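Visitor: I am new to this structure. Please pick a single part and take me through it closely, then show me where it sits in the whole.

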Amino acid sequence: MRRGGVAVEAAAWWLICVVVWQATITAAAWAEVIAAAVLAVPCAVAACAARRVVGGRWRPPPHLPQWIAHTAVAVLRDGAGAFALVLRGRRPVGRFSEFPLAATGSEAQRAGCEAAATVLLSATPGSLVVFSDPESARLRLHTLPIPESGVQRAIRGRDR
């Protein structure tokens with residue numbers, strides 16, 4: 001990978017680390033922003049080195065920005081759906097289902113799609129990826145008994 005590519009990759013990992021840090025704190029403060037920015041640097045370097053060691057090649061899916069937007073909405077919607085299940089007083093029974101992914105493109109594109117889908121689908125309260133099968137381009141999801149989220153439809157390709 002060229003130097004520019006390494007810098008872009010490290011910057012992307014740094015941004016991801018900062019966003020995750022900020023999303024998990026309980027009180028927003030400048031000290032937290034500074035701590036996140038500083039401590040994300042060694043994490044980004046380690047992430048780049050780890051990817052090189054395992055020989056991983058991932059290319060983000062082209063629809064990733066739309067998937068992220070759908071995820072933000074799904075977090076709120078699935079959270080409300082999960083809360084409604086609790087208010088009903090019954091213990092909800094989840095279900096397992098197969099989730100197909102696009103099986104086209106290069107190996108790096110398929111791996112990027114699988115990685116992004118795994119993170120985004122697991123970020124919502126309504127679903128959790130419990131298994132990935134790259135050979136058949138499928139994920140195994142555990143979902144709550146609530147309607148399918150927009151992020152699930154977007155990743156499947158119904159919203160394109």
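Guide: Helices (H or I, at least four residues) and strands (E, at least two) are DSSP runs, numbered from the N terminus. With that in hand, take T143, which sits in strand β3, residues 138–143. This is a predicted model, in which local features need pLDDT of at least 70 and side-chain atom pairs pLDDT 80 or more, while totals for chains, interfaces and linings use all residues. Residues are numbered from 1 along each chain as its sequence is written, and side-chain values use heavy atoms, without hydrogens or water.

Is T143 buried or exposed? T143 is buried, because its relative accessibility is 8% (buried is under 20% relative accessible area, exposed over 50%, partly exposed in between, with a 1.4 Å probe and protein chains only). Its contacts (heavy atoms within 4.5 Å) reach along the chain. Beyond the neighbours within four places in sequence, T143 touches G94, R95, G126, S127 and Q152.

Now step back. An automatic or database assignment sets the domain bounds. It gives domain 1 as 3–54 and domain 2 as 63–157. Their centres, taken over C-alpha atoms, are 24 Å apart.

W14, L15, V19, V41 and V45 make a nonpolar surface patch of about 440 Å². Patch members have over 30% relative accessible area and no salt bridge; like charges are joined within 9 Å, nonpolar side chains (Val, Leu, Ile, Met, Phe, Trp, Tyr) within 5 Å. A salt bridge puts a Lys or Arg side-chain nitrogen within 4 Å of an Asp or Glu carboxyl oxygen. Areas come from the Shrake-Rupley method with a 1.4 Å probe, and for residues only the protein chains shown count as cover. Helices α1 (3–24) and α2 (30–54) each give two or more residues to the patch. The most come from α1, with 3. V19 belongs to α1. V19 counts as partly exposed because its relative accessible area is 49%.

UniProt, in an unreviewed entry, places a "transmembrane region" at residues 12–31; such annotations may be inferred rather than shown by experiment. That span is 75% helix and 0% strand, and its end C-alpha atoms lie 22 Å apart.

Finally, the whole chain. There are 5 helices and 3 strands. They run α-α-α-β-α-β-β-α from the N terminus. The C-alpha trace spans about 55 × 45 × 25 Å along its principal axes. Of the 160 residues, 26% are buried. The chain exposes about 10300 Å², with carbon and sulfur atoms supplying 66%.
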